[in-house]
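Please describe how the side chains of this model pack and pair, with the cut-offs behind each term.

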Amino acid sequence: HVQLVESGGGLVQLGGSRRLSCAASGSIFSINAMGWHRQAPGKDRESVAAITSGGSTNYADSVKGRFTISRDNAKNTVYLQMNNLKPEETAVYYCNTEINRGYFGTYVYWGQGTQVTVSS
């Protein structure tokens, strides 16, 4: 069994910053890619950022230069530092990870989501 626990969401003002965390626990042999998605009301879920096990990163064009994804492999945790937030980025933010469970195979897991609200 694997569990992802997200934290760090909340209310932030226009131009403010927020740091999200997502910790994986359970039956984990290793973790491959980790990432963040978001879903705004009435919109499809979209990819925000991703990071490989080697540390290579990829960002949506809309967040480049403002968001930073990082990971702590010792803690099985991925972070998303969000700066200069905009109201249109109000959404539920979800982390996802590709976890190798050894004998049991490799699966993608999702967190429960954390709400980020940017007020103007």
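Buried means under 20% relative accessible area, exposed over 50%, and partly exposed in between, with a 1.4 Å probe and protein chains only. By that rule Glu89 is buried, and so is Arg66. This is a predicted model, in which local features need pLDDT of at least 70 and side-chain atom pairs count only at pLDDT 80 or more, while totals for chains, interfaces and linings use all residues. Residues are numbered from 1 along each chain as its sequence is written, and side-chain values use heavy atoms, with hydrogens and water left out.

**Salt bridges**

A salt bridge is a side-chain nitrogen of Lys or Arg within 4 Å of a carboxyl oxygen of Asp or Glu, and the count by this rule comes to four.

| Glu89 | Arg38 | 3.3 Å |

Strands here are DSSP runs (E, at least two residues), numbered from the N terminus. Glu89 also forms a salt bridge with Arg38, and this pair too links distant parts of the chain, because Arg38 lies in strand 4, 51 residues from Glu89. Glu89 counts as buried because its relative accessibility is 2%, and Arg38 counts as buried at 7%. Arg38, Glu46, Arg66 and Glu89 are linked in a network of salt bridges.

**Nonpolar core**

A nonpolar core is a set of buried Ala, Val, Leu, Ile, Met, Phe, Trp, Tyr and Cys residues joined through side-chain atoms within 4.5 Å. The largest such core has 29 residues, of which Trp36, Leu80 and Tyr93 touch the most other members. Among the elements that give two or more residues to this core are strand 1 (2–7), strand 3 (18–26), strand 4 (30–39) and strand 8 (77–82), and the largest share, four residues, comes from strand 9.

**Aromatic rings**

Rings of Phe, Tyr and Trp (its six-membered ring) pair if their centres lie within 6.5 Å, with planes under 30 degrees apart counted as stacked, over 60 as edge-to-face and the rest as tilted. The count by this rule comes to two aromatic pairs. Tyr103 and Phe104 form an edge-to-face pair, at 5.5 Å centre to centre and 85° between the planes. The rings of Tyr107 and Tyr109 have their centres 6.4 Å apart and their planes at 65°, so this pair is edge-to-face. Tyr107 is partly exposed, with a relative accessible area of 42%, whereas Tyr109 counts as buried at 18%.

Tyr103 is placed in the loop between strand 9 (91–100) and strand 10 (106–110) and is exposed, with a relative accessible area of 80%. Together, Tyr103, Phe104 and Tyr107 make a nonpolar surface patch of about 440 Å². Patches are made of residues with over 30% relative accessible area and no salt bridge, like charges being joined within 9 Å and nonpolar side chains (Val, Leu, Ile, Met, Phe, Trp, Tyr) within 5 Å; accessible areas come from the Shrake-Rupley method with a 1.4 Å probe, and for residues only the protein chains shown count as cover.
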